[in-house]
Amino acid sequence: MTDGPKYAIEMRGVTKRFGALVANDRVNLAVAPGSIHAIIGENGAGKSTAMNILYGFYKADQGQILIDGEVRSIEGPSDAIKLGLGMVHQHFMLVDTLTVTENIILGAEPLSGMAIDFAKARARVLDLSNQYGLQVDPDARVGRLSVGQQQRVEILKTLYRGARILILDEPTAVLTPQEVAELFSILRGLREQGKTIIIITHKLAEVLALSGNITVMRDGKVIGGLATKDATASELARMMVGREVLLRVEKREAEPRSPTLSVQCVSLKNPDGGVALYDVSFTVREGEILAIAGVEGNGQTELIEVLAGLRRPDSGEVRLDGRNITPLGPHERKSLGVAHIPEDRRRRGLLLDFDLAENSILGLHSDRPVSGAFLLNKQFITARAERLVKDYDVRPPDIKLAARGFSGGNQQKLIIGREFDSKPKLILAAQPTRGVDIGAIEFIHRKIIELRDAGAAVVVVSAELEEVLSLGDRVIVMFGGRIVGEVDPKTVTEEELGLMMTGG
Ligand SMILES: Nc1ncnc2c1ncn2[C@@H]1O[C@H](COP(=O)(O)OP(=O)(O)O)[C@@H](O)[C@H]1O
Ligand SMILES: [Mg+2]
């Protein structure tokens, strides 16, 4: 490397307030050029705010930003783009109905005369895609692409605009393990070719595997920075959360008793005729956790939907305590003691515009004492919501705040509180800790184990191998809508499991 500036990016004493809240409190950050720099911290720590300031979405109240060693004033994203910054947001900003190329050139169309030179743009997209190993069909409609492919389009979009410094805000939260591995190899390739990368994540294994340097944030402040080679997962967790965190689930040996859930030869076709579930059979007993491992899209979602009563199987039976519940809908199952933590909490688990108190009674409206003779019993609802917030550590503890206003982790704690509060006998937990930070993961795992120890039967579906192996008393693997095997979580290796999950 030539003697360029020491840092590609520097933030010095950057403060940003939202009303009374100090989202960034004198934040200092220094990112070396050609490096992968991770910013970690729990939800609400101020990571996105800092990046949005860099990218010109927010204006800092105080402090300086230096790009390539020079103090810059970034008034908006177009200034940031001119200075060589590119940002990939957690929620993609693509137009489903347009093609990859159309999306990439949107807002940056190369002009030939007055018309858009589409052929030239397409050729450039192909070039970039080859140069950086971002495999994607330039003519595909974005709506038809997988999440991982859409993310590549977002990365291509920044490169197309000449980005030298890429900011990725929680890029792995939405990806499968395979897609994460592919993304990491793309990011390493980008770094080899001289790009500077800032990645936000709260998954410690990822941070340790990918980054060269780490900055830890908590409560709007930078808690510390260190070289990844000097970091350990437990040290990082402690810095993030501000206390010791158990990274492994602590649980005693399961003491399973009689069968609670029995699934017999369940098959299900998708509306398009494809097989979603094929001849699935298993049993879960009182006091045990059955974890279902699998790459997403191999029938787990449909299986949970069948168990929750959201979909009717084409054949086969679901039994709860020996009773055939196959014909029952979700509400009837709930009243029999089935709790469901849905995979997509924003779509299925919550009404985002309703406040916390209202959300805490979803699905319970017709049960006394929630509903009095005609009116919902307000006093009861308020008291229950206050208690859930306390017992399940939902932050901020404001039951009048709309669900939308809570972080993903706190939304999840609310759903779990609501579902677990009724002391269910069967718990269906789909991706229970997705997008949730480590303090909350520890909490959710502990709650699941508490209910198991109190005699509940638990089904956990997770794409995280670590979660499957640490939570499951038994582990079954799904592939192509079938159960392809059962493994012992104490002895199986992640490699063996990974192979089964991909049909090996
Ligand atoms: N536009 C905004 N208006 C008000 N408060 C905000 C806004 N954006 C973020 N915050 C608050 O600032 C704090 C930091 O948020 P954020 O930077 O998104 O954290 P992180 O990305 O680390 O999860 C949180 O308390 C969040 O609720
Ligand atoms: Mg964020």
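**Questions on a predicted model**

Within strand S5, valine 71 is the bridge partner of leucine 66. This is a predicted model, in which local features need pLDDT of at least 70, side-chain atom pairs count only at pLDDT 80 or more, and totals for chains, interfaces and linings use all residues. Residues are numbered from 1 along each chain as its sequence is written, while chains are lettered from A and ligands numbered from 1 in the order in which they are written.

User: What makes S4 and S5 a pair?

Analyst: Strands are DSSP runs of E with at least two residues, numbered from the N terminus, as are helices (H or I, at least four residues). Two strands pair if DSSP finds at least two bridges between them. S4 (residues 62-67) and S5 share 3 bridges, in the antiparallel sense. They pair.

User: Why are S2 and S5 at the edges of the sheet?

Analyst: The open sheet has 4 strands in the order S2-S1-S4-S5, with antiparallel pairing. S2 and S5 (70-72) each have a single partner strand, so one side of each lacks a neighbour in the sheet.

User: Why is H14 described as largely enclosed?

Analyst: A residue is buried with 20 or more other C-beta atoms within 10 Å of its own, exposed with 12 or fewer, and partly exposed in between; C-beta atoms are placed from the backbone. In H14, 12 of the 13 residues are buried, so the rest of the structure largely encloses the helix. Among them are Gly409, Leu414 and Phe420. The cover includes strand S18 (338-341) and helix H13 (378-391).

User: How do you know that the span of H14 is close to the expected value?

Analyst: The expected span is 1.5 Å times one less than the number of residues. H14 (residues 408-420) has 13 residues and reaches 18 Å from its first C-alpha to its last, close to the 18 Å expected.

User: Why does glutamate 486 count as partly exposed?

Analyst: Glutamate 486 has 13 C-beta neighbours inside 10 Å, so it falls in the partly exposed class. This residue is found in strand S22 (residues 482-487).

User: What makes Arg474 a contact of glutamate 486?

Analyst: Contact requires C-beta atoms, placed from the backbone, within 7 Å. Leaving aside neighbours within four places in sequence, glutamate 486 is in contact with Arg474, Val475 and Ile476.

User: Which element supplies the largest share of the shell around ligand 1?

Analyst: Helix H1 does, with 3 residues. S2 (21-31) and H1 (47-54) each supply at least two.

Conventions: Two residues are in contact if their C-beta atoms, placed from the backbone, lie within 7 Å.
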